[in-house]
Amino acid sequence: MTNLGSVTTQHEYPVLWPMPTRWADNDHYGHVNNVTYYSYFDTAVNAWLIDATGTDIRELPAIGVVAQTSCTFMGSLSFPDQLRVGLRIARLGRSSITYDLAIFREDGDVLELAATGTFVHVYVDDVTRKPVEIPAVIRNAAEGLVVAED
């Protein structure tokens, strides 16, 4: 998990998923609204899963539902910022994955930290919605992002 007492850098994340901001992301105050950060997390995690597994994850017999999410804001974002969402896995359980995430704003060759967060997927049967084991194709991809706890 991110240690908020230390500086989080992009080098701590095995994946830096590209994420553009959109015109509609800005709120009345001219910055990306706080709820949109959660959308960036959700989009980055699921886009990475599709890319890493080569599978349409919507068609698996088990689906990942979001059971928990959090965000700590550290900087302001605004359209047309280009972002990178750092992904790593803090915990890979039997039926759940806890992602440790960070949002970085591109500033030339530098990535500036804007937020850190967590995102928990619990895998459930697509019909009964009862927890099940993480599908093998997802577990295999996820194992490469597991990091040792600090």
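## Helix H1 and what it packs against

The buried residues of H1 pack against E1, E2, E3, E4, E5 and H2. This is a predicted model. The buried residues of H1 are Thr-36, Tyr-37, Tyr-40, Phe-41, Ala-44, Val-45, Trp-48, Leu-49 and Thr-53.

How far apart are the end C-alpha atoms of H1? They are 30 Å apart. At 1.5 Å a residue, the 20 residues of H1 should span 28 Å, so the two values agree. Gly-54 follows H1 and has a positive phi, near 65 degrees.

## The five-stranded sheet

Strands of a sheet pair through backbone hydrogen bonds, either parallel or antiparallel. Here, five strands form an open sheet with antiparallel pairing. Their order is E1-E3-E4-E5-E2. Strand E1 (15–20) and strand E2 (62–73) stand at the edges. Each has a single partner strand, so one side of each is left without a neighbour in the sheet. On average, neighbouring strands of this sheet are turned by 30 degrees against each other, direction ignored.

Helix H1 covers residues 34–53 and packs on the sheet. H1 touches E1, E2, E3, E4 and strand E5 (110–125). The direction of H1 makes about 65 degrees with that of E5.

## How the strands pair

Strand E3 (residues 82–92) pairs with strand E4 (residues 96–107) in the antiparallel sense, over nine bridges. Arg-88 has Asp-100 in E4 as its bridge partner.

E4 is also joined to E5, by 12 bridges, and these two strands run antiparallel. Phe-104 stands opposite Leu-113 in E5. What lies between E4 and E5 in their hairpin? Two residues do, and Gly-108 in the turn has a positive phi of about 65 degrees.

E5 pairs with E2 as well, in the antiparallel sense, over 11 bridges. Ser-70 stands opposite Thr-118 in E5. E5 is mostly covered, with 12 of its 16 residues buried.

## The nonpolar core

Which residues have the most contacts inside the largest nonpolar core? They are Trp-48, Val-85, Leu-87, Tyr-99 and Ile-103, in a core of 32 residues. E1, H1, E3, E4, E5 and helix H2 (136–142) are the elements that give two or more residues to this core. H1 provides the largest share, seven residues.

Val-85 shows how parts of the chain come together. Leaving aside neighbours within four places in sequence, Val-85 is in contact with Val-15, Leu-16, Trp-17 and Met-19, among others. Its contacts also include Tyr-40, Phe-41 and Ala-44. Leu-101, Ala-102 and Ile-103 are in contact with Val-85 too.

## Asn-26 in its loop

Asn-26 lies in the loop between E1 and H1. Is Asn-26 buried, exposed or partly exposed? Asn-26 is partly exposed, because its relative accessible area is 23%, and buried would mean under 20%.

Not counting residues up to four places away in sequence, Asn-26 touches His-31, Val-32, Ser-78 and Phe-79. With Ser-78, there is a polar contact between the two side chains, at 3.3 Å. Pro-80 is 54 residues from Asn-26 along the chain, yet their C-alpha atoms are separated by 9.4 Å.

Note on methods:
Residues are numbered from 1 along each chain as its sequence is written. This is a predicted model: local features need pLDDT of at least 70, side-chain atom pairs count only at pLDDT 80 or more; totals for chains, interfaces and linings use all residues. Side-chain values use heavy atoms; hydrogens and water are left out. Two strands pair if DSSP finds at least two bridges between them. Helices (H or I, at least four residues) and strands (E, at least two) are DSSP runs, numbered from the N terminus. Axes are lines fitted to C-alpha atoms, for helices over the stretch in contact, and angles run from 0 to 180 degrees between N-to-C directions. Contact means heavy atoms within 4.5 Å. Buried means under 20% relative accessible area, exposed over 50%, partly exposed in between (1.4 Å probe, protein chains only). A polar contact is a pair of N or O atoms within 3.5 Å; within protein, one must be able to donate a hydrogen and the other to accept it, and residues adjacent in sequence count only if both atoms are side-chain atoms. A nonpolar core is a set of buried Ala, Val, Leu, Ile, Met, Phe, Trp, Tyr and Cys residues joined through side-chain atoms within 4.5 Å. The expected span of a helix is 1.5 Å times one less than its number of residues.
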